[in-house]
Amino acid sequence: MSFGGKRALVTGAGSGIGAAVARRLAVGGADVILADVALQPIEELAQEIGGQPLQLDVRDEEQVAAAMAGLDVLVNVAGIGSTTTAPETPLDVWEDVFAVNARGTFLCCKHAIPGMAERRGGSIVNIASVAALVGLRNRVAYCASKGAVVALTRALAVDHVADGIRVNAVCPGTVDSPWVRRLVEDAGESLDALRARQPMGRLGLPEEIADAVAYLASDAAAFVTGTTLVIDGGLTAA
Ligand SMILES: NC(=O)c1ccc[n+]([C@@H]2O[C@H](COP(=O)([O-])OP(=O)(O)OC[C@H]3O[C@@H](n4cnc5c(N)ncnc54)[C@H](O)[C@@H]3O)[C@@H](O)[C@H]2O)c1
């Protein structure tokens, strides 16, 4: 899939899935803006794959508004997790999770869409999660925020289909990223135990999510909008 001449912005580009998406789009020839709240990882990645590092907190509307002009492709990857049930979840944790996952995705779409509409085309891919589709234990704020991302994706797709803008979501299963490794370590678990719980006996690779994003972002998916592509190694099929 070629992205020659396309300008793309990836949030959360400093780590895991976002870094793999940025790399995939850059290899395809896109001019990529690597956006992340953490500066050092995107500076290092930009040295390696090219593109432009941009320190961006997706919760901040002013920063987002300044970053979203003239895009052909927007991929919203920035996200944070939660590890508690409802009674255990302080309101500020709920709000922090929604601020990044739901509000952040909303703000980036809100400010990217007018420029895309003016150019009569654009593709937005939002990274949701299988947590939007099935209940995951001890992740109540995370599940709800990713459900919001899927619903937001559909609503945007309907509102902007006539502008030539496609909006889709990808729902990854368990993917080997720095985040998942941190979670496993914090839970005192082993990666092997996590692998053993997966239908394929392995975790997904960030590159496998990036391939799905590249498809949805490209003209190969010209008739695809408002959909949710589940890439989970069969996790939610069971
Ligand atoms: N890894 C998985 O198993 C998995 C599964 C389903 C969905 N996801 C989703 O994929 C996305 C990426 O996950 P990952 O595993 O690569 O995580 P990660 O923690 O490795 O990377 C997330 C990146 O987002 C950035 N970020 C956090 N808050 C931000 C903010 N306010 N503004 C800008 N950037 C911010 C972080 O600095 C980090 O670089 C998340 O939205 C996550 O919910 C991951």
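**Helix packing and ligand shell in a predicted model**

H1 (residues 16-27) and helix H8 (residues 206-217) pack at an angle of about 50 degrees, with their axes 8 Å apart. Axes are lines fitted to C-alpha atoms, for helices over the stretch in contact, and angles run from 0 to 180 degrees between N-to-C directions. H1 and H8 are therefore oblique to each other. Angles under 35 degrees count as roughly parallel, over 145 as roughly antiparallel, 65 to 115 as roughly perpendicular and the rest as oblique. The crossing of H1 and H8 is right-handed. A crossing is right-handed if the near helix is turned clockwise from the far one by less than a right angle, and left-handed if anticlockwise.

The structure is a predicted model: local features need pLDDT of at least 70, side-chain atom pairs count only at pLDDT 80 or more, and totals for chains, interfaces and linings use all residues. Residues are numbered from 1 along each chain as its sequence is written.

On the H1 side, the contact with H8 involves Gly16, Ile17, Ala19, Ala20, Val21, Arg23, Arg24 and Leu25. H8 contributes Pro206, Glu207, Ile209, Ala210, Asp211, Val213 and Ala214. Contact requires C-beta atoms, placed from the backbone, within 7 Å. The H1-H8 contact has 10 nonpolar, one polar and four charged residues. Here Ala, Val, Leu, Ile, Met, Phe, Trp, Tyr, Cys and Pro count as nonpolar, Asp, Glu, Lys and Arg as charged, and the others, Gly among them, as polar.

The axes of H4 and helix H5 (residues 140-160) come within 9 Å and cross at roughly 15 degrees. That makes H4 roughly parallel to H5. H4 passes H5 in a right-handed crossing. Residues of H4 in this contact include Val93, Trp94, Phe98 and Phe106. Those of H5 include Tyr142, Lys146, Leu152 and His160. The contact of H4 with H5 divides into 15 nonpolar, four polar and one charged residue.

The shell around the ligand holds 29 residues (C-beta atom, placed from the backbone, within 6 Å). Gly12, Gly16, Gly79, Ser177 and Trp179 come nearest. H1, H4 (91-118) and H6 (178-186) each supply at least two residues of the shell. By class, the shell has 15 nonpolar, 11 polar and three charged residues.

Overall, the protein comprises eight helices and seven strands. These are DSSP runs (helices H or I, at least four residues; strands E, at least two), numbered from the N terminus. The radius of gyration, taken over C-alpha atoms, is 17 Å, close to the 18 Å that the globule rule gives for 238 residues, so the protein is as compact as a globular protein of that length. The globule rule is 2.2 Å times the number of residues to the power 0.38. Along the principal axes, the C-alpha atoms fill a box of roughly 50 × 35 × 35 Å.

Definitions and conventions:
Contact = placed C-beta atoms within 7 Å.
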